[in-house]
Every structure is written in structure tokens, then in C-alpha cells.
Amino acid sequence: MIVTTYLSAEQILDADDLAHEDVDVPEWGGTVRVRELPGTERDKFEAQFVGKDGASVRAEGLEGFRARLAAAAIVDESGKQLFRSVAETKRLGEKSARALQRVCDVAMTLSKMSEEDVKELTGN
């Protein structure tokens with residue numbers, strides 16, 4: 001007989017369950033820490049691209065996607081986001097597309113965000 005042990009709410013809430021990965025970004029001259037987006041932050045990120053009726057609200061499609069995702073996912077050693085303002089995110093978007101894509105690829109993998117999710121968000 002297999003005995004199943006169920007987790008309590010406290011055990012779930014206390015679990016350190018957010019993955020991160022250090023990513024070498026030679027274009028920027030070093031390494032950045034990229035973290036998995038917590039559920040509420042992924043929802044907030046996705047809401048930037050989706051209207052209340054579920055339709056894409058950004059006629060520009062992917063405009064700003066990489067910078068916004070990278071800004072949401074890049075953290076310091078203690079897990080604090082490095083890019084918190086709209087101005088910083090905009091400036092991040094002006095950095096190397098290759099570097100941003102590398103960071104976004106890791107953020108998407110860690111957060112289980114598929115290419116199909118991106119297409120749905122951007123209407124492409």
C-alpha cells in the first residue's frame with residue numbers, strides 16, 4: 001500500500017520553488033542572474049499584452065516584449081529585480097537584441113513560457 005502525504009498550506013508557501021540560472025552575456029561584459037517569474041508576476045507581464053476580452057491589445061505585436069521580459073527576470077544575487085522603472089526597461093530594450101534574446105530564452109524556459117504563449121500574447 002502506498003501512503004500519500006499531502007502538503008500543508010504552510011509547507012507550500014514556505015517552499016523555495018523559484019528557479020534561477022546565471023547567464024553569461026558577453027555583449028554586456030559579464031553574467032546576469034535570470035529567475036523564473038513567480039505566478040503573479042507572469043500574470044502581470046502577460047496582462048501588458050492582453051486586453052480584458054483576451055484579445056491582443058498591442059498592435060505592434062512583439063514591440064517591447066524582450067525588454068519587458070528581461071527586466072522582469074533579471075535579478076541580483078538576493079533575487080531583487082534590477083530594472084524596475086519604465087525608463088530603465090526602455091533603455092534595456094535599446095541593448096543588443098542578441099543579448100536580450102539570450103536572457104529571454106532562459107527566462108521563458110524557467111517560467112515554462114512557450115513560443116505559442118508568446119504568439120497568443122502578441123497576436124502574431
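**View 1. Buried and exposed residues of helix α2 in the predicted model.** Helix α2 covers residues 39-47, and R42, F45 and E46 are buried in this helix. Seen down the axis of α2, the buried residues fall within an arc of 95°, so they line one face of the helix. An α-helix has 3.6 residues a turn, so residues three or four places apart point the same way. The exposed residues T40, D43 and K44 sit on the face of α2 turned away from its buried side.

**View 2. A nonpolar surface patch made by L7, I12 and L13.** The patch has an area of about 360 Å². One of its residues, I12, belongs to helix α1, which spans residues 9-14. I12 has a relative accessibility of 48% and therefore counts as partly exposed, since the exposed class begins over 50%.

**View 3. An open sheet of 3 strands.** The strands are arranged in the order β1-β2-β3, with antiparallel pairing. β1 (20-25) and β3 (74-75) are the edge strands, each with a single partner strand, so one side of each has no neighbour in the sheet. Strands of a sheet pair through backbone hydrogen bonds, either parallel or antiparallel.

**View 4. The pairing of strands β2 and β3.** Strand β2 consists of residues 30-35 and pairs with β3 in the antiparallel sense. The two strands are joined over 2 bridges. V34 has I74, a residue of β3, as its bridge partner.

Technical notes:
Residues numbered from 1 in each chain as written. Predicted model: local features only at pLDDT ≥ 70, side-chain atom pairs only at ≥ 80, totals over all residues. Heavy atoms only, no water. Buried < 20%, exposed > 50% of the residue type's maximum accessible area, 1.4 Å probe, protein only. Helix = DSSP H or I, 4+ residues; strand = E, 2+ residues; numbered from the N terminus. Arc of directions from axis to C-beta. Patch = residues over 30% accessible without salt bridge, like charges linked within 9 Å, V, L, I, M, F, W, Y side chains within 5 Å. Areas by Shrake-Rupley, 256 points an atom, 1.4 Å probe, with all protein chains shown as cover. Salt bridge = Lys/Arg side-chain N within 4 Å of Asp/Glu carboxyl O. Pairing = 2+ DSSP bridges.
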